[in-house]
Amino acid sequence: MSASDTLLASGGLLTEGPLEVLDVISLICLGLGALLSLAAGVGLMRFSDVLMRMHAQTKPQIAGLMFLLIGLAVQQTHLPTILFLIPIMFFQMLTTPAGATMLARAGYRSRQFDNVPLFADELASAVESAQRRTDDELTRAHAVRTGQPEREPAPEHEGLGHGEK
């Protein structure tokens, strides 16, 4: 009797059939998850449009992590380890929209959306107000450094001047 037969007979391992199927399922999930995560990273670096970058940052990244966690869960035999994977997926799903929002905000602030027709630009007045405050603070700091009198701040206007009347 060989060493593997002794181990199987003593109940140390499951039968060979189901173990091989679980290995194949785990391998497929881990490979697919790794491929999707790689695609998300490459898309985030290579795509030129902010909207495409937002898509690459959210969709394949979440799906890739989900497949990786499923592949890990299939291989685990301890329930606490499997249950630990659930909060990982939960917190990733909770924080990914925040990352997409940051990409959208950065794209908007850097005028990456100028070619896209916005029918309701609800962020324009907030961005203009923040930019005006920053400009006023820089003007005051320059006046203090040079000893020149401070100019009047710019008047409040609505919109960013993209043809609005």
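Reader: Which residues does Gln57 touch, not counting residues up to four places away in sequence?
Author: This is a predicted model. Gln57 is found in helix α3. Beyond four places in sequence, Gln57 touches Leu44, Thr96, Gly99, Ala100 and Leu103.

Reader: Is Gln57 buried or exposed?
Author: Buried means under 20% relative accessible area. Gln57 has a relative accessible area of 16%, so Gln57 is buried.

Reader: How many helices and how many strands are there in the protein chain?
Author: Read along the sequence, the chain follows the pattern α-α-α-α-α. The count is five helices and zero strands.

Reader: What share of the residues of the protein chain count as buried?
Author: The chain has 165 residues. It exposes about 12,100 Å², with carbon and sulfur atoms supplying 66% of that area. The share of residues that count as buried is 20%.

Reader: Among contacts between residues at least 6 apart in sequence, what share join residues at least 24 apart?
Author: Ile70 and Cys29 show how residues apart in sequence can lie in space: they are 41 residues apart in sequence and 6.6 Å apart, C-alpha to C-alpha. For the contacts of the protein chain, the share asked for is 60%.

Reader: How far apart are the end C-alpha atoms of helix α3?
Author: Helix α3 covers residues 50-75, which is 26 residues. At 1.5 Å a residue, the helix should span 38 Å. The model agrees, with end C-alpha atoms apart by 38 Å.

Reader: Where does Ile70 fall: buried, partly exposed or exposed?
Author: The place of Ile70 is in helix α3. Partly exposed lies between the buried cut-off of 20% and the exposed cut-off of 50%. Ile70 has 36% relative accessibility, so Ile70 counts as partly exposed.

Reader: Which residues make up the largest nonpolar core?
Author: The core has five residues in all: Ile62, Leu65, Leu69, Leu85 and Met89. Helices α3 and α4 each supply at least two residues of this core. The largest share, three residues, comes from α3.

Reader: How far apart are the end C-alpha atoms of α4?
Author: The 31 residues of α4 should span 45 Å at 1.5 Å a residue. That agrees with the model, where the end C-alpha atoms are apart by 46 Å.

Reader: What covers the buried residues of α4?
Author: The buried residues of α4 are Leu85, Met89, Thr96, Ala100, Gly107 and Tyr108. Their cover includes α3 and α5 (124-146).

Reader: Which residues does Arg109 touch, not counting residues up to four places away in sequence?
Author: Arg109 lies in helix α4. Its relative accessible area is 44%, so Arg109 is partly exposed. Arg109 and Leu123 are 14 residues apart in sequence and 9.7 Å apart in space, C-alpha to C-alpha. Beyond four places in sequence, Arg109 touches Val127 and Gln131.

Reader: Which residue takes a positive phi just after α4?
Author: The phi is about 65 degrees. The residue is Arg111.

Reader: Which residues form the aromatic pair?
Author: The structure holds one aromatic pair. The pair is edge-to-face, with 5.2 Å centre to centre and 70 degrees between the planes. Phe90 is partly exposed at 49%, and Phe91 also counts as partly exposed at 49%. The pair is Phe90 and Phe91.

Reader: Over which residues is the pLDDT under 50?
Author: The protein chain averages a pLDDT of 77, and 73% of the residues score at least 70. Where pLDDT is low, the predicted coordinates should not be read in detail. Another has ten contacts beyond near neighbours in sequence: residues 159-165.

Definitions and conventions
Residues are numbered from 1 along each chain as its sequence is written. This is a predicted model: local features need pLDDT of at least 70, side-chain atom pairs count only at pLDDT 80 or more; totals for chains, interfaces and linings use all residues. Side-chain values use heavy atoms; hydrogens and water are left out. Helices (H or I, at least four residues) and strands (E, at least two) are DSSP runs, numbered from the N terminus. Buried means under 20% relative accessible area, exposed over 50%, partly exposed in between (1.4 Å probe, protein chains only). Contact means heavy atoms within 4.5 Å. Accessible areas come from the Shrake-Rupley method with a 1.4 Å probe; for residues, only the protein chains shown count as cover. The expected span of a helix is 1.5 Å times one less than its number of residues. Rings of Phe, Tyr and Trp (its six-membered ring) pair if their centres lie within 6.5 Å; planes under 30 degrees apart count as stacked, over 60 as edge-to-face and the rest as tilted. A nonpolar core is a set of buried Ala, Val, Leu, Ile, Met, Phe, Trp, Tyr and Cys residues joined through side-chain atoms within 4.5 Å. pLDDT is the predictor's confidence in each residue, from 0 to 100.
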